Amino acid sequence: MLLSAFRSIEELPGALHPAVFRVRFGCDCGEEHDGLLTHEDLDWAPLGLAAGDFLNLMTARLEPAGTELGELAAVRIKAGEWPWSFFCYPEERPRPVFPSSFTLLAATEGTVGLAVRCPSCSRLSLNLVSHPHVDVPFHNDREIGVVEHMFAGDTGATLEEFRAELWSSSFDARRLALT
Ligand SMILES: [Zn+2]
Ligand SMILES: [Zn+2]
C-alpha cells in the first residue's frame, strides 16, 4: 500500500515494544478502513529494512545492515540523502522524518496534504507535497508548500482543523534545501 493512501497515523498509548500505530487508509473499494501497523512496518519496510535494524536519520547510523535494499538505503543516508523530509514551520527549516511522524494525510490528484509532528521539536507543520515525495523513499520535492499556521501545542490539529487549513490557506512555497 502506498503511504499516500493513509489518512491518519496515530501511535497507540502505552509503552509498547515495538510501538504500534492505528492507521486509517483509503481502500480501493472506496471506503476507509482502520488497521494496526508496527513501527517497523511503517518506517523500516519501505526502505527494505527488517525488524531489529536500527537506523538513525540524524547520524546515518544503521546496524546491523539488513537486506541489500536496506544497505543501499544506508549508503544513501550516509551520503546525506534523506528518505523522507518535511519543512518544520515553527523551526523554519527542513528536517528528516519517518512516516510514523506523519499524523494526517489528505491526498488529491497531484498533491498530498501532510500534517507532520516534528521528531525534533514535537510541533505540527502542514506541508503540501507531491505523491512521490511521500510514496518514493529518497524522492524529495525541491519545493514544498508550507501552511503558515502554528498549531496549538500538544493538543494537535483535529481532522477538521487540518482540512480547513488545507483547503483555505495559501501555501507558501519553501525550498527544501537538503544538506
Ligand atoms: Zn476496502
Ligand atoms: Zn521542528
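Student: Is His33 buried, exposed or partly exposed?
Tutor: This is a predicted model, where local features need pLDDT of at least 70 and side-chain atom pairs 80 or more, while totals for chains, interfaces and linings use all residues. Residues are numbered from 1 along each chain as written, chains are lettered from A and ligands numbered from 1 in written order, and side-chain values use heavy atoms, without hydrogens and water. His33 has a relative accessible area of 31%. Buried is under 20% and exposed over 50% (1.4 Å probe, protein chains only), so His33 is partly exposed.

Student: Which residues coordinate the zinc ion (ligand 1)?
Tutor: Look for donors, meaning N, O and S atoms within 2.8 Å of the metal (3.2 Å for Na, K and Ca); water isn't among the atoms, so sites may look incomplete. Along the chain the spacing here is C-x1-C-x3-H. At 2.0 to 2.3 Å, you'll find Cys27, Cys29 and His33.

Student: What arrangement do the four donor atoms around the zinc ion (ligand 2) make?
Tutor: The donors come from Cys88, Glu91, Cys118 and Cys121. Their angles run from 102 to 119 degrees. Four donors need all angles between 85 and 135 degrees to count, so this arrangement is tetrahedral.

Student: Which residue's side chain makes a polar contact with the side chain of Ser4?
Tutor: Ser4 is buried, at 6% relative accessible area. A polar contact is a pair of N or O atoms within 3.5 Å; within protein, one must be able to donate a hydrogen and the other to accept it, and sequence neighbours count only if both are side-chain atoms. At 2.7 Å, the partner is Asp135.

Methods:
Tetrahedral: all angles 85-135°; square planar, octahedral: opposite > 155°, others 65-115°.
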